[in-house]
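Please keep the sequence and the model in view while reading.

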Amino acid sequence: MEQTSSAGPVQIVSITEDHKFVLDEKKLKQILYNKRAIGKKIGLVSIAGDFRKGKSFMLDFFLRYLRAKDNKEWIGKETEPLGGFDWRGGATRHTTGMIMWSEPFTLVLPNGEEIAVFLMDTQGTFDSNSTVFENAFIFALTLLVSSVTVYNIMHNLQEDNLQHLSFFAEYGVLAIDAYHTSPFQQLTFLVRDWQFEYETAYGFEGGEEVLSDRLKIRENQHHDLELVRSRLRQCFRKVNCFLMPHPGLKVTNRKDFDGRLSDIEDDFKKQLQVLIPELFRLDNQYFVKEINGEQITSTDLFEYFRSYCAVFASGVLPSPKAMLEATAEANNLAAKSTSKEFYIRAMEQHCGGDRPYIHPNQLDVLHQEVRRQSIEKFRCARKMGGEQMSQSFLLELENELAELYANYKKHNDSKNVFAFSRTPTTFISTMVICYLVAGLLDTFWLGGVNFIFMFAFWVCFALLFVWLYTKYSGEYAEMGEYIDHFADVIWNNGFQPVYSKCLQSAMRSVLGHAKAD
């Protein structure tokens, strides 16, 4: 399915003037709960790095590649302006907070499974308006939720670029020790405007040379520097580097540059056609987002976003241990959410809005079976945080399922036409019986007894009139409930036993005739 014409960039995290961030859960949910993503595994490709270094510009070429599907000429026409995520030249910050493309792209894995792919742009770090906490938050959230993170840097891979990853390396070691799996997937260093092509060639091959040299542990190296290098490849399942040439002076110097290929250097265009298809290679085992070794869906990712943002809400950079606890909590929330969605889907199929009324006993049997499967689904999910945390979320799930069942019961009862008409049916039947009995008694000159039945007749008539008024006007609803209750008492103690005995007698008669035949 193609993207709609309304697809575009959507701000999901914004930074306020007092340097606090706000997660727009409504907009994020609209993106992650898109009908093309529900139930599918996902890939999330994001780009992060210093401000005014061409991140959004690069991301729009990612968009162009995904829109073109398998077209070899995906890079576009020479005179076609570049659109998608907002970008512009200049020295001041343009992108703020975090921005996602509003709709997923659907791609097919080599095994035939369809996945949903999301793109995310991030605020440039280390400008004059950003605090240290803002920079850490943007970078941390990007790494935690992405399956592929492109770390956009200029000219060279330097020590400060590695040091920015030291906090996450510490978090990664804790996660590996606790759950025996690397918490991060793919990190690609994208070195822009590489100036030393005469020494090291553009592309991944040259990038691997530079990366190996920078990550090499040398004699007498400071312990902190050694620690970052040893942990980096340990915490990221795949780390690579790509050397990108300068796009040309027309790109950087012209104010009216609109992204058309005719203004971009051939070397840059050539390397784009190497970099981008490699980033979106579907046979890359790290492309599908995983947490704790389990591939997740877009609805799971929504819970992780919420939990990670909550742990940063204090405005203080959390410890790696706190981050790990937030991941464990989000992991259990996602398992609970998946199990709850399974229950809702199954119940909707049998007793949802457009389904007919079913007997309460059948509904209860259905609930028990779907509830059992839902709880089993939660228990079988691979979870973090230990048994105690898992049990607390299981208890929450059981309570929520009970609440959902109560709502389904009410909804099912509202479809029962007889349940709604029981009160008028009971009163009208009682009035008919009272009138007939009163007439019969009057025939035998038993007027005193006749008065009792006529009194009952008019009481039922009055109650029926009041009941109809409460239902029609909506007023005195409590009085209407009392009348319903009174009618139920008459039905259950008067008509129901007689009805049951008549039904049993009729069944015995039918069975008797069947045996005789």
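## Cavity and helix packing

The lining of the largest cavity is made up of nine nonpolar, four polar and two charged residues. Here Ala, Val, Leu, Ile, Met, Phe, Trp, Tyr, Cys and Pro count as nonpolar, Asp, Glu, Lys and Arg as charged, and the others, Gly among them, as polar. The model is predicted: local features need pLDDT of at least 70 and side-chain atom pairs pLDDT 80 or more, while totals for chains, interfaces and linings use all residues. Residues are numbered from 1 along each chain as its sequence is written, and side-chain values use heavy atoms, without hydrogens and water.

A search of the whole structure gives one cavity of 30 Å³ or more. A cavity is a set of points, on a 1 Å grid over the protein atoms alone, where a 1.4 Å probe fits but cannot get out; lining residues have an atom within 4 Å of a point. Its volume is the space filled by probe spheres set on the points, which are joined across faces, edges and corners. The largest cavity has a volume of about 110 Å³. Of its 15 lining residues, Tyr 171, Pro 183, Ile 291, Asn 292 and Thr 327 are the closest to the centre. Two or more lining residues come from each of helix 5 (166–179), strand 10 (290–291) and helix 11 (320–351). Helix 5 gives the most, with three residues. Helices (H or I, at least four residues) and strands (E, at least two) are DSSP runs, numbered from the N terminus.

Two packed helices are described by the angle between their axes and the distance between the axes. Axes are lines fitted to C-alpha atoms, for helices over the stretch in contact, and angles run from 0 to 180 degrees between N-to-C directions.

| Helix pair | Axes come within | Crossing angle |
|---|---|---|
| Helix 5 and helix 11 | 9 Å | roughly 55 degrees |
| Helix 12 and helix 13 | 11 Å | roughly 155 degrees |

Angles over 145 degrees count as roughly antiparallel, under 35 as roughly parallel, 65 to 115 as roughly perpendicular and the rest as oblique. The axes of helix 5 and helix 11 cross at roughly 55 degrees, so helix 5 is oblique to helix 11. Among the residues in contact (heavy atoms within 4.5 Å), helix 5 has Tyr 171 and helix 11 has Thr 327. By class, this contact of helix 5 with helix 11 holds 10 nonpolar, one polar and two charged residues.

Note on methods:
On a 1 Å grid over the protein atoms alone, a cavity is a set of points where a 1.4 Å probe fits but cannot get out, and a pocket is an open set with protein on both sides within 12 Å along at least five of seven lines; lining residues have an atom within 4 Å of a point.
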